[in-house]
Amino acid sequence: MIDNFEIIGLLAGVLTTAAFVPQVYKTWKSKSADGLSLTMYLVFFIGIILWLVYGIHIHSIAMILANTVTGFLALLLIIFKLRFK
């Protein structure tokens, strides 16, 4: 059974992950990543991967789901930054 703190984690994950969707969409539609910092997204992506490893270690479904999706979205932005120069 999921406890209340895991529900809070799931809600936090949905909100923080959803914050990336407009940036990914805008970058994809405009085919421009001029305003994105490659260094920031690389460091952020590494941090997300470390949080994912930690979430797997403690068996937190909220951390695993949120960091998997956020990592994917951050990776897309890194790819867009490299592709849409």
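**Figure 1. Surroundings of Leu77 in the predicted model.** Leu77 is in contact (heavy atoms within 4.5 Å) with Phe20, Gln23, Val24, Thr27, Leu36 and Tyr41, leaving aside residues up to four places away in sequence. This is a predicted model, in which local features need pLDDT of at least 70 and side-chain atom pairs count only at pLDDT 80 or more, while totals for chains, interfaces and linings use all residues. Residues are numbered from 1 along each chain as its sequence is written, and side-chain values use heavy atoms, with hydrogens and water left out.

**Figure 2. The largest nonpolar core.** A nonpolar core is a set of buried Ala, Val, Leu, Ile, Met, Phe, Trp, Tyr and Cys residues joined through side-chain atoms within 4.5 Å. Buried means under 20% relative accessible area, exposed over 50% and partly exposed in between, with a 1.4 Å probe and protein chains only. The largest such core has 10 residues, namely Phe20, Val24, Ala33, Leu36, Tyr41, Leu73, Leu77, Ile78, Phe80 and Phe84. Helix H4 (residues 61–83) supplies the largest share of this core, 4 residues.

**Figure 3. Overview of the chain.** The chain has 4 helices and 0 strands, in the order α-α-α-α along the sequence. Helices (H or I, at least four residues) and strands (E, at least two) are DSSP runs, numbered from the N terminus. Along the principal axes, the C-alpha atoms fill a box of roughly 45 × 20 × 15 Å. Of the 85 residues, 29% count as buried. Among contacts with a separation of 6 or more, 71% join residues 24 or more positions apart.

**Figure 4. Packing of helices H2 and H4.** The axes of H2 (residues 21–30) and H4 come within 10 Å and cross at roughly 25°. Axes are lines fitted to C-alpha atoms, for helices over the stretch in contact, and angles run from 0 to 180 degrees between N-to-C directions. H2 and H4 are therefore roughly parallel; angles under 35 degrees count as roughly parallel, over 145 as roughly antiparallel, 65 to 115 as roughly perpendicular and the rest as oblique. Val21, Gln23, Val24, Thr27 and Trp28 of H2 make the contact with Leu73, Leu76, Leu77 and Phe80 of H4. By class, this contact of H2 with H4 has 7 nonpolar, 2 polar and no charged residues. Ala, Val, Leu, Ile, Met, Phe, Trp, Tyr, Cys and Pro count as nonpolar, Asp, Glu, Lys and Arg as charged, and the others, Gly among them, as polar.

**Figure 5. Packing of helices H1 and H4.** H1 (residues 4–18) and H4 pack at an angle of about 10°, and their axes are 8 Å apart. H1 is therefore roughly parallel to H4. Glu6, Gly9, Leu10, Gly13 and Thr17 of H1 meet Ile61, Ala62, Leu65, Ala66, Val69, Thr70 and Leu73 of H4. The contact of H1 with H4 comprises 7 nonpolar, 4 polar and 1 charged residues.

**Figure 6. Packing of helices H3 and H4.** The axes of H3 (residues 38–58) and H4 come within 9 Å and cross at roughly 160°. H3 is therefore roughly antiparallel to H4. Among the residues of H3 in this contact are Tyr41, Phe45 and Trp51, and those of H4 include Asn67, Leu77 and Lys81. The contact of H3 with H4 divides into 18 nonpolar, 5 polar and 1 charged residues.

**Figure 7. Ala12 in helix H1.** Ala12 lies in H1 and is partly exposed, with a relative accessible area of 37%. Its C-alpha atom is separated by 15 Å from that of Leu52, 40 residues apart along the chain.
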